[in-house]
Number of protein chains: 2
Amino acid sequence: MDAAVLDYLERSRNRRLSQLLELVRFPSVSARQEYAADVAACAAWLRDHLERIGLEHARLLPTGGNPIVYADWLHAAGAPTVLIYGHYDVQPSDPDELWASPPFEPEIRDGRIVARGASDNKGQIFAALGAIEALLAVEGRLPCNVRVAIEGEEELSADNLKAFLADAARSGILAADLALVTDSTMLAEDAPGVAVALRGMAALQFCVRTATADLHSGVYGGAVPNALQALAEILVSLKDPATGRVRVEGFYDAVRPMPEEERRSWAQLPFDANALEAELGAALAGEQGFTSYERMWGRPALDVCGAWGGYQGEGLQTVIPAEARAKISCRLVPDQEPEAVLDLLERHLQARAPARATVSIDWRLAASRPIVLPVEHPGVQAALSAAREGFEREPLVFRAGFSVPVAELFRRFLGLDSVLLGFILPDENMHAPNEFIRVDVFERGVRTYAAFLREQAR
Amino acid sequence: MDAAVLDYLERSRNRRLSQLLELVRFPSVSARQEYAADVAACAAWLRDHLERIGLEHARLLPTGGNPIVYADWLHAAGAPTVLIYGHYDVQPSDPDELWASPPFEPEIRDGRIVARGASDNKGQIFAALGAIEALLAVEGRLPCNVRVAIEGEEELSADNLKAFLADAARSGILAADLALVTDSTMLAEDAPGVAVALRGMAALQFCVRTATADLHSGVYGGAVPNALQALAEILVSLKDPATGRVRVEGFYDAVRPMPEEERRSWAQLPFDANALEAELGAALAGEQGFTSYERMWGRPALDVCGAWGGYQGEGLQTVIPAEARAKISCRLVPDQEPEAVLDLLERHLQARAPARATVSIDWRLAASRPIVLPVEHPGVQAALSAAREGFEREPLVFRAGFSVPVAELFRRFLGLDSVLLGFILPDENMHAPNEFIRVDVFERGVRTYAAFLREQAR
């Protein structure tokens, strides 16, 4: 990294941190109507900040809900354009009484900023803005073209974002060569890295019915079917208890084998099974023949997320339940298609419904496709170089088992690959009380993002 | 039946019916504190009525809750003593808007009395009092000794009754040779009969745990166990889907075979499988090798009455549930012991808990022992003769699949056999809106009870 830029970053550090404190002080909770004014104030503050650091066309782009804060810098003729994504809305802070300090009154203590949004995602996106500020301040220009889009409903729903992206695909306002998604994690404090894949997700809820209404277990017990018993049989039919394999016919057909090189590299990643088991209070277990990383990142999964039927209150009501329900979610890997998996699952449920029970589907949700970038992808390689420079460590290539919906939406609506380069650590209490960010990780993040933008000019 | 008694019954019919209307007009809802005064007024009315018809020592016996209305007539030297049981409390009437007429404002319409409690149990016990009244009025004496005990918490809990019976066993206030339980049913309007057995009941609730807290299905899906999946495996282990047999080791060991003669007589009982399936919206199904009556009356049953885990609200939360619960009830037949069955069940749950899941028992309830009288029992034979006389039809011998707790408590605390002779019909909306009793069935009931008391003198 250029010494002038490093010098600028060093000198501007205190100001940058106090600005970040300003940013996390907004209680921009998108899920609660009473914070609407704070959400708007936060967006306005960010727009002003984008202008202040030298970006152009800073403005609020309207959506069906909270606006997207936008700015660009498009004067790097011949260089690619990077769309930098983050979000300014945060999760609710409750239960507030579990916070050691008020969730929207941050201070820097012991090298940490404790506040709702510090890690998810204000700290991450602000690190990227710090990089842009430094490059523009020192060099008067950026090494590549940049569009910044910071949304305000990531913690709420993607519905407004989808409509916005459909429009943007026509207007070109987010036209780019690559997206940089700052809303991403790393595996450990000393282990910067790039997530090259995200699992997709599909889910449904179904109902098993065995009678018109609950029946008295004294009168009819032993002579009529029981919806909960039927549900249990169906759930067991979904997954082999011995091998951990999903038994839905065709479920694995579209699964692309994991590249051997990635599997080998995962085997080298830090992983302490005993520590994880102690932390979760759970024994690690899953599909036979695969490691935990492989199960979480490279293999699809099927889980019952909720199920219920009959009497669930205190004590006992001696009913034979007439209906029972379950919610099933599937985590998908390339090249599984959410709708196709739901079709297979639905077919299985109908086929495996016990005699004397009828299954109906309450709803289906084809939430997101799995996405994956090859490690050789230039965006991935740029991110690895940048992380090596920013953290002064050899970076890791990993995957994530969950979805980052925006990455899939960028692909679907804008045709863009997303580089997932962020610095959220597993212990930072995302979505929980006492969320925090480490100041030194934040600063390394600023340097990493600066290096990433430079890499685009190569 | 003696012509004079029949004549008396005929002449007193209208007065008896208006007295029954008075009785069902009391909203004696034991489960609701706001009806406490009505419950007390109902008890006082009944005590006065017992005195009015010529019984002696009419009084309210205190319990831990609502009093027991008591009276006796003990001048039949050498004849046995019958303890006649009923209850004056009723179920709540709500939802009141589903009643065609107000639940506590009865009239006689189309040969029916529609009111809460008309069938369960005021109509039944009042029929027995009608029989006593007629015999005392016509003959100046009863053919046997009689104690009447009408309790006020049958719809609430047996706790106060148990304490009362423990005391009564010492004081002798309920000393008798046989109990007549009026709180009982018949199979069809033209089919009087006697229930010679009741199933017992034992239940428990257990919890399956696989982790300290719910886990994110994206992050961990495929790599950790799921409490709902483990629960489903346990529930399936309890019952063979193919044969309908309970798979808890030892569950059937204490089951006494059904007497072949009873099985043959059940095969002759009215039973319309198609009509019942249409009514329940359920296909009849159960343990292989047994008929529906055998499954409901002569075989034990195991049912999941409720189960739940994970997210049960609208839409989806992509959690891997850390815990799941189920309530299991067992209907027991002679000679299964509730505590012993719970021990077997608990052992099974522990033994069949999947690896990586822990099972804990939330609570156990050894509710009641099964009871059975041989058809040759003199009380049963007396009841059959009486029903034949009262209804002018050949009576049926049947069983009931549920518990009538008082019958088991009379056996446990007083050493008494109970004859279950009542006239509640399946369509009379017990515990539901528009409960009613047929006037002509009620009158036949009065004649039957009179005949039953006479039979005791033989």
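**View 1. B:Asn434 in a loop of chain B.** With 16 C-beta neighbours inside 10 Å, B:Asn434 counts as partly exposed. This is a predicted model. B:Asn434 sits in the loop between strand S17 (418-420) and strand S18 (436-438) of chain B. Its phi is positive, about 65°, although B:Asn434 is not a glycine.

**View 2. A:His431 in a loop of chain A.** The loop shown here runs between strand S17 (418-420) and strand S18 (436-438) of chain A, and A:His431 is found in it. A:His431 is not a glycine, yet its phi is positive, near 65°. Is A:His431 buried or partly exposed? There are 13 other C-beta atoms within 10 Å of A:His431, so it is partly exposed. The cut-off for a buried residue is 20 or more such atoms.

**View 3. A cis peptide bond in chain A.** The bond from A:Pro334 to A:Asp335 is cis. Its omega is near 0°. A:Asp335 belongs to the loop between strand S13 (323-332) and helix H11 (338-352) of chain A.

**View 4. A cis peptide bond in chain B.** Here the bond runs from B:Asp94 to B:Pro95. It is cis, with omega near 5°. Where is B:Pro95 found? B:Pro95 lies in the loop between strand S3 (81-87) and strand S4 (108-109) of chain B.

**View 5. Helix H13 of chain B.** Helix H13(B) covers residues 439-455. Its 17 residues, at 1.5 Å a residue, should span 24 Å. The C-alpha atoms at its ends are 24 Å apart, so the two values agree. The helix is mostly covered, with 14 of its 17 residues buried.

**View 6. The side of chain B that touches chain A.** The contact takes 63 residues from chain B and 63 residues from chain A. Several elements of chain B give two or more residues to this side, among them helix H5 (217-220), helix H6 (227-238), helix H9 (292-298) and strand S13 (323-332). Which element gives the largest share? S11(B) does, with nine residues. By class, this side of chain B has 32 nonpolar, 21 polar and ten charged residues.

**View 7. Strand S11 of chain A beside S11(B).** Strand S11 of chain A spans residues 301-310. Five bridges join it to S11(B). The two strands run antiparallel. A:Trp308 has B:Trp308 as its bridge partner in S11(B).

**View 8. Chain B superposed on chain A.** Two copies of a chain are related by a rotation about an axis and a shift along it. In this model, a rotation of 180° with 0.2 Å of shift along its axis superposes chain B on chain A. The RMSD is 0.1 Å. That is the relation of a two-fold axis. The same surface serves both copies, as 100% of the contact residues of chain B recur in chain A.

**View 9. The two parts of chain A.** Domain 1 of chain A takes in 3-198 + 370-455, and domain 2 takes in 200-255 + 300-368. How far apart do the C-alpha centres of domain 1 and domain 2 of chain A lie? They lie 39 Å apart. Six residues from domain 1 of chain A and nine residues from domain 2 of chain A make up the contact. The side of domain 1 of chain A that touches domain 2 of chain A has three nonpolar residues, two polar and one charged.

Key
Residues numbered from 1 in each chain as written. Chains lettered and ligands numbered in written order. Predicted model: local features only at pLDDT ≥ 70, side-chain atom pairs only at ≥ 80, totals over all residues. Contact = placed C-beta atoms within 7 Å. Helix = DSSP H or I, 4+ residues; strand = E, 2+ residues; numbered from the N terminus. Nonpolar A, V, L, I, M, F, W, Y, C, P; charged D, E, K, R; others polar. Pairing = 2+ DSSP bridges. Expected span 1.5 Å × (residues − 1). Buried ≥ 20, exposed ≤ 12 C-beta atoms within 10 Å, placed from the backbone. Least-squares fit on C-alpha atoms with pLDDT ≥ 70 in both. Domains from an automatic or database assignment.
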